[in-house]
Amino acid sequence: MSDRHIVVVDAGTTRIRCLVFDSKGEVVVQRSCAWSYVERDELSPYTRELDADGVWRSTARLIAECVGDGKVDAHRIAAVTVTSQRQGVVFLDGDGGVLYAGPNMDLRAVFEGAAIDEAMGGRVFEVTGRLPSFLFTAAKLRWFKQHRRDFYDRIERVVTLADWLRCKLSGELVSERTLATEAGLLDIRRGVWCTELFEELGVRATENVPIERASTAVGGVRGEVADVIGVPEGVPVVVSGADTQCGLLGLGVSRAGQVGSVAGWSIPLLMLTDRPVFDQERRIWTGCHVGQGLWSLESTCGDAGNSYRWVADTMWVGESRPFESMDAAARDVPAGSEGVMSYFGASRMDMSKIGMRAGGFIFPIPMTYSGLGRDHATRAALESIAYAVRANLEQLESVRGAPASRIVVGGGMIATTEWVEMLPNVLGRPIEVAAVPNVTAAGAYFTATAALDGHSSLLELVEASAATKTMEPSPIDSAEYDDYYQRWVAMGEHLEMAGV
């Protein structure tokens, strides 16, 4: 049995996960469950609100199930750490009670955010590095001010989901700069809470909590919690960053010029910079890296992974292992999908223009003379995601003014072998692929390891520990894919100009 275990809670976009790592960085056991939501029928259908009590019960149960597994010795648990989805926030009253727990999927503040952007969009972007405002905390606070004034007047603190869960474990309420940034709470340049901006926006400048570095231990597991989760009292609780930023750690992306992508439900690409860089057209986001002295530019393919899941649910219903079947089917279709093109959720990020867009498949016609089917549509969907990665990568490089020095990919999409193999050919350059898909949890594990072992540099630790394999492009295949990519871009521009 390993010398020690580290418990990682990953409160992601679609599920809550608990993983236990051994001292070699390997996952010993893991459990997951769906989020618990509150029904709010009287509100917009786009409203999502978490059941805070249910979320905590689920988290405690998952930890207890992992710790109770025969592969884990509770007495060898050395630390617990938490990472969470970006943009998820919790509003607390003066007693620490939860007034609102909102996931990143809560879109109740669309109109409030639009009003903020119309009046002060430039100022918001200058401070926080991100638009549109309806995704972030200030707009949600304005929504509560206008629609739930009784709740709004009781708000004393605003924290992220990871901050709150960490506090439930340890009793210590602190935040971390990537978590605060991704919730729209941090002044990017100054590294402090954007209190002045919130005052200018006319929303409550809440009482701030300390910002601690990732890999800092903040207290230990409380006695009353220890009895519930099966972890000994006093086990250190360690600060980790936001899930995507922890994913960069898991990928070993730690130097300016490197690009990392955690390809899962969504597929963001983040390029590291040694200073804050802002896109003058406000299309992409500026953020922070978990490591000190590093920032990031982000251009995302949107919910491309979720769109691929839709293809599975719609076209491959009834298959016992749909994604394996899709991978095999796509392999039998030639590059270019014999003229089929897909526009499903994957595109070049442009947050200066927000709105719903049409998408779907485009087939060569007449259909009478073709043998096109779901196999072609599946490969076209994979190709479109690879094309979107290239489009967003090129956008990052354009804004930074320099090419990427290294490209690393991880996340659930790397289990799709055909997509991984086509990606370097579509990009026309080498890529590195993570040895395991769960890079977010691995990154959180590194923060706990650094805290326990007293590493002076978290970044040096991840550089030495993150495992990847390099995939080289084929010159012939890359040239062929370059033609297909240009056609895909041209068709997308045509559809956009036509208002589709």
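## Buried or exposed

Buried means under 20% relative accessible area, exposed means over 50%, and partly exposed lies in between. This structure is a predicted model. With those cut-offs, Glu394 is partly exposed, at a relative accessible area of 30%. Arg390 has a relative accessible area of 11%, so Arg390 is buried.

Across the whole structure, a search finds 34 salt bridges.

## Lys353 and its partners

Lys353 takes part in a salt bridge with Asp350, where the closest N and O atoms are 3.7 Å apart. Lys353 also meets Glu496 in a salt bridge, at 3.4 Å from N to O. Where do Glu496 and Lys353 lie? Glu496 is in helix H16, while Lys353 is in the loop between strand E16 (341–343) and strand E17 (360–362). The pair therefore ties together parts that are 143 residues apart in sequence.

How accessible are these three residues? Lys353 has 53% relative accessibility, so Lys353 counts as exposed. Glu496 reaches 40% and counts as partly exposed. Asp350, at 22%, also counts as partly exposed.

## Where H13 meets H16

Helix H16 spans residues 475–497, and helix H13 spans residues 417–427. Two packed helices are described by the angle between their axes and the distance between the axes. For H13 and H16, the angle is about 75° and the axes are 7 Å apart. The two helices are therefore roughly perpendicular to each other.

Which residues of H13 meet H16? They are Met422, Pro424, Asn425 and Val426. On the H16 side, the contact involves Asp477, Ser478 and Tyr481. The residues of this contact divide into four nonpolar, two polar and one charged.

## Cysteines without disulfides

How many disulfides does the model have? The count comes to zero. A disulfide needs two cysteine sulfur atoms within 2.5 Å. For Cys18, the closest cysteine sulfur is in Cys66, 3.8 Å away, which is too far for a bond. Cys18 is buried, with a relative accessible area of 1%.

Cys288 is in no disulfide either. The nearest cysteine sulfur to Cys288 belongs to Cys194, at a distance of 11 Å. Cys288 is buried, and its relative accessible area is 1%.

## Helix H5, mostly covered

Helix H5 runs over residues 161–170. Eight of its 10 residues are buried, and the helix is mostly covered.

What comes just after H5? Gly171 follows there, with a positive phi of about 85°.

Key
Residues are numbered from 1 along each chain as its sequence is written. This is a predicted model: local features need pLDDT of at least 70, side-chain atom pairs count only at pLDDT 80 or more; totals for chains, interfaces and linings use all residues. Side-chain values use heavy atoms; hydrogens and water are left out. Axes are lines fitted to C-alpha atoms, for helices over the stretch in contact, and angles run from 0 to 180 degrees between N-to-C directions. Helices (H or I, at least four residues) and strands (E, at least two) are DSSP runs, numbered from the N terminus. Angles under 35 degrees count as roughly parallel, over 145 as roughly antiparallel, 65 to 115 as roughly perpendicular and the rest as oblique. Contact means heavy atoms within 4.5 Å. Ala, Val, Leu, Ile, Met, Phe, Trp, Tyr, Cys and Pro count as nonpolar, Asp, Glu, Lys and Arg as charged, and the others, Gly among them, as polar. Buried means under 20% relative accessible area, exposed over 50%, partly exposed in between (1.4 Å probe, protein chains only). A salt bridge is a side-chain nitrogen of Lys or Arg within 4 Å of a carboxyl oxygen of Asp or Glu.
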